[in-house]
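Q: Could we go through a few local features of this model together?

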Amino acid sequence: MSQISRRKLVTMGLAATAGVSGLAVAGRLAKRYGLIPPDHGGIYGPGETLTYACQRVLTSRSLAREFPRSMISKTPFANETAPPSEEFKRSQAGGFSDWRLAVDGMVSQSVSFSLADLRHLPVRSQITEVACEEGWSYIAEWIGTPLREVLQEAGVLPQARYIVYYSAQRDWWESIDMADALHPQTLLTWGMNDGDLPVSFGGPLRMRVPRQLGYKSVKYVVRLTVTDSLKGLGKGLGSAAPEAGYAWFAGI
């Protein structure tokens, strides 16, 4: 990502205060520096563009807040969904020994990982908050494999810009840019609070993107696709979230 000068950043900020014309100026600057989100169209597009561009310029390497163990929520709300299929139930009955994570797209080689494979890669634990705009926020310890370790194993090609991740639950998919994909706090999570990740919280494998709102942390992840464009996926808005009225970029 090209670095934007302090003067350009100030210009973008001033443009934002100038109303509709200011948003247009900000949009042109964001386009120049490759900071256009996939849901940039429509009435809310300029605002989404400005939010994404400013977040990436100001906080691309910032960390989500991590909490002491004493602040782990006693009774977190799981926002539980039913097991997505009979196949899922059979896998659960077998302790998820047959669960696989496929990685394809713009990589040196398509690969597949079992849960045991992921556990043999470098592991990180963090106590972070699932921040939800609908009120079911909670703090938990998350244990998992940094996404960047998995991408390194697959060999991400230099032109890659996004990671798309799919749930075993039908039509549930999301994507993030490479800044979040390579961020040290972005985890493929298989543990929670010193135990296996419960199914109600997304087990056996959940993406955790603590720098964004909770809906970006998709449950039951089975596939990653590395790509340089999101235009040909779904309605071209970057994920299922904006198709349902939410923003693609949900930075906290």
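Predicted model: local features only at pLDDT ≥ 70, side-chain atom pairs only at ≥ 80, totals over all residues.

Q: Which residues of helix α6 are buried?

A: Helix α6 spans residues 147-154, and its buried residues are L147, V150, L151 and A154.

Q: Where do they sit around the axis?

A: They cover an arc of only 100 degrees, which puts them on the same side of α6. In general, an α-helix has 3.6 residues a turn, so residues three or four places apart point the same way.

Q: What follows α6?

A: G155 follows α6, and the phi of G155 is positive, near 80 degrees.

Q: Now the sheet: what is the strand order?

A: The order is β2-β1-β10-β5-β6, in an open sheet of 5 strands with mixed pairing. At the edges are β2 (111-114) and β6 (173-177), each of which pairs on one side only. From one strand to the next, the twist averages 20 degrees.

Q: How many bridges join β5 and β6?

A: Strand β5, residues 162-167, pairs with β6 over 5 bridges in the antiparallel sense. V164 has S175 in β6 as its bridge partner.

Q: Turning to T186, is it buried or exposed?

A: T186 is buried, because its relative accessible area is 2%, and buried means under 20%. T186 lies in the loop between α7 (178-181) and β7 (187-192).

Q: What does T186 touch, not counting residues up to four places away in sequence?

A: Its contacts include L147, I176, D180, M207 and R208. A polar atom of the T186 side chain also lies 2.6 Å from the backbone oxygen of D180.

Key. Residues numbered from 1 in each chain as written. Heavy atoms only, no water. Buried < 20%, exposed > 50% of the residue type's maximum accessible area, 1.4 Å probe, protein only. Helix = DSSP H or I, 4+ residues; strand = E, 2+ residues; numbered from the N terminus. Arc of directions from axis to C-beta. Pairing = 2+ DSSP bridges. Axes fitted to C-alpha atoms, helices over the stretch in contact; angles between N-to-C directions. Polar contact = N/O pair within 3.5 Å; in protein donor to acceptor, adjacent residues only side chain to side chain. Contact = heavy atoms within 4.5 Å.
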